[in-house]
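Here are some exercises to work through with the model open beside you. Try each task before you read its solution.

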Amino acid sequence: MSRFVDKLPFFDRRSSPMEEAEDIPRNGLLHVHHHQQQQPHHHSGLLMQPQPSPPTKQSSFTLAQLLKRVNEARSDASSPTSSPTHSHYTIELGGSVPGSTGSDLSEHMHGGGGGGPLLPFVLKFTDLTYSVKQRKKGSCLPALPFGRAGGETAEPEVPRMKTLLDNISGEAREGEIMAVLGASGSGKSTLIDALANRIVKESLHGSVTLNGESLDSNLLKVISAYVMQDDLLYPMLTVEETLMFAAEFRLPRSLPTKEKKKRVQALIDQLGLRNAANTIIGDEGHRGVSGGERRRVSIGVDIIHDPIVLFLDEPTSGLDSTSAFMVVKVLQRIAQSGSVVVMSIHQPSYRILGLLDSLLFLSRGQTVYYGPPGALPSFFDDFGKPIPGNENPTEFALDLIRELETMPDGARDLVEHNKKWQMRMAPKMKHHDGKPSLSLKEAISASISRGKLVSGATDGSVSVPSGESAPAAAVSKFANPFWVEMGVLTRRAFINTKRTPEIFIIRLAAVLVTGFILATIFWRLDDSPKGVQERLGFFAIAMSTMFYTCSDALPVFLNERYIFLRETAYNAYRRSSYVLSHTIVGFPSLIVLSFAFALTTFFAVGLAGGAEGFFFFVAIVLASFWAGSGFATFLSGVVTNVMLGYPVVVSTLAYFLLFSGFFINRDRIPRYWIWFHYLSLVKYPYEAVMQNEFSDPARCFVRGVQMFDNTPLAALPAALKVRVLRAMSQSLGVDIGTATCITTGPDFLAQQAVTDLTKWDCLWITVAWGFLFRILFYVSLLLGSRNKRR
């Protein structure tokens with residue numbers, strides 16, 4: 001360790017903050033490994049390997065020694081419940097065996113026998129090939145066989161398949177940074193996605209192994225992390241809050257909150273974010289941290305659980321040279337803590353180049369160079385294009401590759417030269433070939449036992465199956481149980497909501513303004529036939545307004561869609577936890593909006609039912625908000641942007657209103673459209689408030705001569721109407737006076753065909769719609785958030 005620190009004078013020689021934050025001895029995240037720093041410009045070989053370090057005095061041991069000691073101890077005492085086929089050994093984190101020394105582990109990890117360095121983790125990829133279908137340019141109409149008019153020849157046919165990766169091979173090792181370089185469109189991001197299992201297996205050909213074993217998708221999600229090119233963070237959270245929420249997601253419940261806070265503080269120090277710890281992330285409308293600080297926060301979110309493998313897609317994109325160097329310096333410390341780091345980078349500076357261990361140059365999906373940075377001059381000397389002494393080797397290489405790509409044959413000559421150069425240099429480098437010292441199961445277990453991959457140790461111990469066919473190290477898919485995830489998500493969402501009060505204020509203002517306008521237009525409606533028709537208009541507009549108001553729920557998920565995809569791609573939390581927390585956070589505001597609308601309109605319009613009728617009106621308005629927000633939330637999981645979502649919401653709600661029964665009664669709707677009537681979200685709250693208003697049989701809405709209203713006889717003088725009414729009474733043999741009730745509330749409901757369901761049935765069906773749409777939202781997240789290329 002001292003030799004390593006001597007080579008890096010800017011490192012603090014005190015113990016790492018992470019070690020101070022935890023009471024267990026560990027060589028995990030944020031702690032510098034015992035690798036000797038390599039000088040990339042002085043290597044003459046093809047591949048750079050970490051140099052074996054001498055035995056250290058740290059109290060440590062190999063996994064095999066631990067298992068042997070535990071087995072010997074158990075052989076002395078019989079256990080009646082033990083089973084030879086299902087037995088396993090449990091190794092406590094940070095435990096020590098008396099008499100063991102760190103030299104045993106050092107010799108085992110570094111192959112102390114002289115056969116070359118033995119590496120704990122080696123990520124190897126061989127002959128990776130990936131092609132996609134290419135759409136033809138121009139019109140979808142078939143091309144004419146005789147070319148274009150005027151004698152022009154037809155354009156050359158576009159190849160049906162486009163190869164993005166063409167037989168790419170290489171390997172990345174623990175303690176090193178492997179950088180993928182190339183011009184835009186060369187395949188850098190595609191290769192990172194292939195290594196991170198973000199391409200479906202059916203489309204990707206070749207193999208990706210860790211310590212010689214194929215990686216299961218679920219296991220890879222647990223032991224690795226992927227940092228996207230874009231900084232996907234909640235803008236209203238501070239740096240410390242962002243990392244703390246990441247810790248609560250990725251660190252197990254068994255780790256106390258106090259220890260998680262210490263861990264976050266140590267990570268803030270390692271990332272150089274102490275001065276920005278209490279600053280919000282910010283966005284276009286809110287001033288926050290700088291671009292370099294935001295990038296380091298993004299990295300911190302994904303390394304909080306100390307992953308074994310770290311993938312990064314252009315982590316220095318858009319940063320100035322100083323910020324970019326600081327980011328790569330952080331990545332070097334992560335690699336030296338015992339991780340495999342693979343990243344794509346556009347154009348590294350001299351200083352950044354000195355931090356990289358191996359380079360992989362791509363040109364149109366093909367390898368044009370693979371090896372250490374120090375071998376670049378000899379490689380291009382052999383190619384006949386020597387690198388000038390005062391020029392950055394990577395800039396020269398990228399400029400030459402771009403120049404070759406403009407040629408008809410592209411960079412084919414450089415690709416062939418790389419193959420020959422690799423074959424020629426390989427025999428000289430045999431003594432540098434690194435081999436994994438442990439099986440994948442043993443390596444993961446050993447990493448967890450020394451403090452890495454905290455989310456894998458759910459109870460502070462590591463379970464290592466003893467059978468030959470046993471699965472890999474026992475790591476859980478999620479770090480925390482369902483209810484813990486839901487609590488953390490709910491708390492984070494409430495903080496975001498509290499810091500953006502303008503969103504709720506605008507919604508409340510919209511509801512109050514709408515209610516005020518409706519109250520003043522439909523002020524104190526009477527029980528005349530005109531009052532009945534006006535009530536129908538009020539109910540139709542009021543209930544449909546509830547659904548239109550809820551369309552503002554559409555951009556809520558769309559704004560955080562990619563944050564959700566990033567967090568769930570590597571099992572930070574379950575999708576079901578997100579759906580439930582999303583529901584919990586949004587419900588209180590719906591209650592406030594419901595009471596605000598009901599208080600503004602119910603008494604002003606003069607609706608019936610008293611206190612019971614008022615609270616039912618509040619309940620049906622709340623149910624309408626619930627179903628409408630659920631519908632908008634479901635659509636946000638289906639569409640990809642707001643511009644597509646709003647036309648769908650508006651047009652669909654218009655159809656719901658059309659088939660609700662207001663414009664045309666249920667018994668008048670054609671049979672081939674009746675199914676849409678029962679699918680209409682507006683139908684059920686509309687019929688519920690209708691029955692709440694007109695269900696009283698003692699309430700009369702048409703008396704005596706009022707029956708002539710809304711007919712041609714309405715223009716007759718009142719005396720003449722009375723005479724006509726008497727004549728009708730004599731003809732029918734029924735006494736019909738001016739005070740005789742002609743139509744009651746139930747009669748009117750029968751006229752409107754609102755008789756198939758009770759008002760409580762309508763209420764519960766509306767509530768059920770809200771639950772159904774949230775279930776569909778969950779299904780859309782399951783099907784639409786695979787986050788893999790095809």
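**Exercise 1. At what angle do α12 and α14 pack, and how far apart are their axes?**

Before starting, note that this is a predicted model, where local features need pLDDT of at least 70, side-chain atom pairs count only at pLDDT 80 or more, and totals for chains, interfaces and linings use all residues. Residues are numbered from 1 along each chain as its sequence is written, and side-chain values use heavy atoms, with hydrogens and water left out.

Step 1. Helices (H or I, at least four residues) and strands (E, at least two) are DSSP runs, numbered from the N terminus. Axes are lines fitted to C-alpha atoms, for helices over the stretch in contact, and angles run from 0 to 180 degrees between N-to-C directions.

Step 2. The angle between α12 and α14 is about 120°, and their axes lie 10 Å apart. The crossing is right-handed, meaning that the near helix is turned clockwise from the far one by less than a right angle.

Step 3. For contacts (heavy atoms within 4.5 Å), α12 contributes S378, F379, F380, D382 and F383, which meet D413, L414, H417, N418, W421 and R424 of α14. By class, this contact has five nonpolar, three polar and three charged residues. Here Ala, Val, Leu, Ile, Met, Phe, Trp, Tyr, Cys and Pro count as nonpolar, Asp, Glu, Lys and Arg as charged, and the others, Gly among them, as polar.

**Exercise 2. Find which residues of α12 are buried, and what covers them.**

Step 1. Buried means under 20% relative accessible area, exposed over 50%, and partly exposed in between (1.4 Å probe, protein chains only). In α12 (residues 376-383), the buried residues are L376, F379 and F380.

Step 2. These three sit on the same side of α12, because they cover an arc of only 85° around the axis; the arc is that of the directions from the helix axis to the C-beta atoms. An α-helix has 3.6 residues a turn, so residues three or four places apart point the same way.

Step 3. Their cover includes β11 (358-363), β12 (366-371), α13 (393-405) and α14 (412-425).

Step 4. Now step just past the helix: G384 takes a positive phi of about 90°.

**Exercise 3. Describe how α18 packs against α23.**

Step 1. The axes of α18 (residues 529-549) and α23 (residues 642-658) come within 11 Å and cross at roughly 155°. The two helices are therefore roughly antiparallel, a label for angles over 145 degrees.

Step 2. This crossing is right-handed.

Step 3. From α18, A540, S544, F547 and Y548 meet V650, L653, A654 and L657 of α23. The contact divides into seven nonpolar residues, one polar and no charged.

**Exercise 4. Locate R491 and list its contacts beyond four places in sequence.**

Step 1. R491 belongs to α16 (residues 482-498). Its relative accessibility is 37%, so R491 counts as partly exposed.

Step 2. Leaving aside neighbours within four places in sequence, R491 is in contact with F245 and E248.

Step 3. The C-alpha atoms of R491 and S581 are separated by 8.7 Å, although these residues are 90 apart along the chain.

Methods: Angles under 35 degrees count as roughly parallel, over 145 as roughly antiparallel, 65 to 115 as roughly perpendicular and the rest as oblique.
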